[in-house]
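Here is a short note for you to read beside the structure. Keep the sequence at hand and look up each residue as it comes.

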Amino acid sequence: MSLSGKGVSKGLFVLLFMAPLFFHQCKQKPEPKPNILFILSDDHTSQAWGIYGGILKDYVHTPNISRLAEEGCVLDNCFCTNSICTPSRGAILTGQYSHHNRIFTLEDALEPDSMNIAKVFKNNGYQTAIVGKWHLKKQPAGFDYFNVLPGQGRYWNPILKNKENWQDNYDGGAEYEGFSTDVIAGLTMDWIKNRDKSQPFMMMCHFKATHEPYDYPDRFKDLLDSVEVPEPATLFDCGPETTGRSFVGQSIDRLGKRFLENTQNPNYWAQYPDLPFIVDGLDSAAVRKKVYQKLVKDMIRSGAAIDDNIGKLLNFLEEEGIADNTIVIYTADQGYFLGEHGFFDKRMIFEESLRMPFVIRYPKEIKGGSRIDDIILNIDFAALLADYAGIDKTDFVDGVSFRNNLKGETPEGWRYQMYYRYWQHEANRPGHFGIRNKRYKLAFFYGQPLDMKGAQTKTTQPAWEFYDLEKDPNELHNAYNDPNYLSVISDMKNELMKLREDIGDTDKQYPEMVRIFEEYWN
């Protein structure tokens, strides 16, 4: 059957008329929303990542962190607003400072009826899940799926709790055979594989590692065996007497005593790897050196297991065909002292504790091998994730999105300083707050418990500390009384007061703090 010329002309006219509309519609088809894989570890400090340089860069085993850095962007000035596990996790999930989300110390909880970024994502068409360390006491809310450790959890054969076996204490849960980092990564991949593929997802994969007692799987037990790891320049920092520092800190010698106690009592609360720890015949300096070697090697081995599983997760995303449309973030909940100042642990405003390592990969938008030195805070993470998901910033979030910063387009008026506060007062690590900019740091150690949960009741003498990070990067000289810095310190005090007013952390509800300010502010 032949077609008439008239019919062909009409059909051609329709085709020519509809084609631009068709191509316009194709052009206007919205991009699929990105998936988000947010990987968080505990205490895996920047000194142990390799990509931040330092004395350990040639000793750590972190090829997959390096891979993320090569394919994404590294933050060089990312900081924690309260350097302790529970408050930092609360800040990440809520985008709020501690005085707003009410998670001040290790003893506080994220209440299920409070707002968090998972609830926002769930209400905006995302599937949400969290696997691994939770540490926020109450049942996770806002997640379609959760399977989390009770408290700190354990490294071997971990017990995890989900909706079906949840109890608001340490009971309940199911045991999973293996090393916790491997188990958590495996459960993460299982959920992603079996997800509802019609929706984008936000998966939070939270490792227990590298928290004390810094355990590791057998495949890394020989890493750094018979190797002498270099020591930090401040391993034998002589303390307040010579530095002018106002606090004693958490000495690495105390960690050595824990090693010895676990050696003598295998049922000690912390089950450290690679024991016995023998110091017979060694003087105090030699003992500290030995404690340092064990701490750092255990941390590096524990971190190697994280890196190993990051590699498995990245390969899995490629196998699933979703790597290009999945934002991958790896960060730690805060920094950690690895012998600097003779310390271990965190909490303090000093650099090793304050700094959060952070790397992000998003092939569609972020240039590989890039780094930014803008000041970014953990309260900004929630706003960034919402921005990527096309969700307007919510009122409860204190932080701001740094999406443009990651593209090398720092917004005008971006913050040039940050506010820090540690609330869980102890005599050797007293309550304090402070301000840090690109060069200077000013901190006020008010030394009061303020009825915080888990705080010690003994007060300490209020004191100021000031450091010029350009001239004194190791923070060995408290220059608060140096007349050369009088005007800088005065300006920073004014900035600190203004910042506290702006964010609503004024302490006006504490009469004792009002008195201390009147007596010690100047």
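The points below take up aromatic pairs, charges over rings, salt bridges and pockets.

1. A word on the source. This is a predicted model. Keep that in mind as you read on.

2. Start with the aromatic rings. The count comes to 37 aromatic pairs. Take F444 and F517 as one example. Their ring centres lie 6.2 Å apart and their planes meet at 50°, so this pair is tilted. F444 belongs to strand β17 (residues 440-445) and F517 to helix α14 (residues 511-520), so the pair ties together parts that are 73 residues apart in sequence.

3. F517 has another ring partner. F517 and W521 form an edge-to-face pair, with 5.6 Å from centre to centre and 80° between the planes. Both F517 and W521 are buried. Now widen the view. Ring pairs link Y97, Y419, F433, F444, Y446, W464, Y480, F517 and W521 into a cluster.

4. Next, look for charges over rings. K161 lies over the face of W166, 4.4 Å from the ring centre. K290 lies over the face of F277, and here the figure is 5.3 Å from the ring centre.

5. Now the salt bridges. Side chains of opposite charge can pair when their charged atoms come close. The structure holds 48 salt bridges. One of them joins D298 and R301, at 3.6 Å from N to O. Both residues sit in helix α9, three residues apart, so about one helical turn separates them. D298 is buried at 0% relative accessibility. R301 is buried as well, at 5%.

6. Which residue pairs with R421? The partner is D507, and the closest N and O atoms are 3.0 Å apart. R421 lies in strand β15 (residues 417-422), while D507 lies in the loop between α13 (486-503) and α14, so the bridge ties together parts that are 86 residues apart in sequence. R421 is buried at 2% relative accessibility. D507 is buried too, at 1%.

7. Another bridge joins D468 and R439, whose closest N and O atoms are 2.9 Å apart. D468 is in strand β18 (residues 463-468) and R439 is in the loop between β16 (432-437) and β17, so the pair ties together parts that are 29 residues apart in sequence. D468 is buried at 3% relative accessibility, whereas R439 counts as partly exposed at 25%. Bridges can also share partners: D43, D345, K346, R347, E426 and R429 are joined into one network that way.

8. The largest pocket holds about 810 Å³ of space. Its lining has 38 residues, and L106, H135, Q152, Y170 and H211 lie nearest the centre. The lining divides into 13 nonpolar, 10 polar and 15 charged residues.

9. The second largest pocket has a volume of about 530 Å³. It is lined by 22 residues, of which Q47, G54, E340, E352 and N474 lie nearest its centre. Here α9 (284-320) and α10 (351-354) give two or more residues to the lining. This lining divides into 10 nonpolar, six polar and six charged residues.

Notes:
Residues are numbered from 1 along each chain as its sequence is written. This is a predicted model: local features need pLDDT of at least 70, side-chain atom pairs count only at pLDDT 80 or more; totals for chains, interfaces and linings use all residues. Side-chain values use heavy atoms; hydrogens and water are left out. Rings of Phe, Tyr and Trp (its six-membered ring) pair if their centres lie within 6.5 Å; planes under 30 degrees apart count as stacked, over 60 as edge-to-face and the rest as tilted. Helices (H or I, at least four residues) and strands (E, at least two) are DSSP runs, numbered from the N terminus. Buried means under 20% relative accessible area, exposed over 50%, partly exposed in between (1.4 Å probe, protein chains only). A charge sits over a ring if NZ of Lys or CZ of Arg is within 6 Å of the ring centre and within 35 degrees of the ring normal. On a 1 Å grid over the protein atoms alone, a cavity is a set of points where a 1.4 Å probe fits but cannot get out, and a pocket is an open set with protein on both sides within 12 Å along at least five of seven lines; lining residues have an atom within 4 Å of a point. Grid points are joined across faces, edges and corners, and a volume is the space filled by probe spheres set on the points. Ala, Val, Leu, Ile, Met, Phe, Trp, Tyr, Cys and Pro count as nonpolar, Asp, Glu, Lys and Arg as charged, and the others, Gly among them, as polar. A salt bridge is a side-chain nitrogen of Lys or Arg within 4 Å of a carboxyl oxygen of Asp or Glu.
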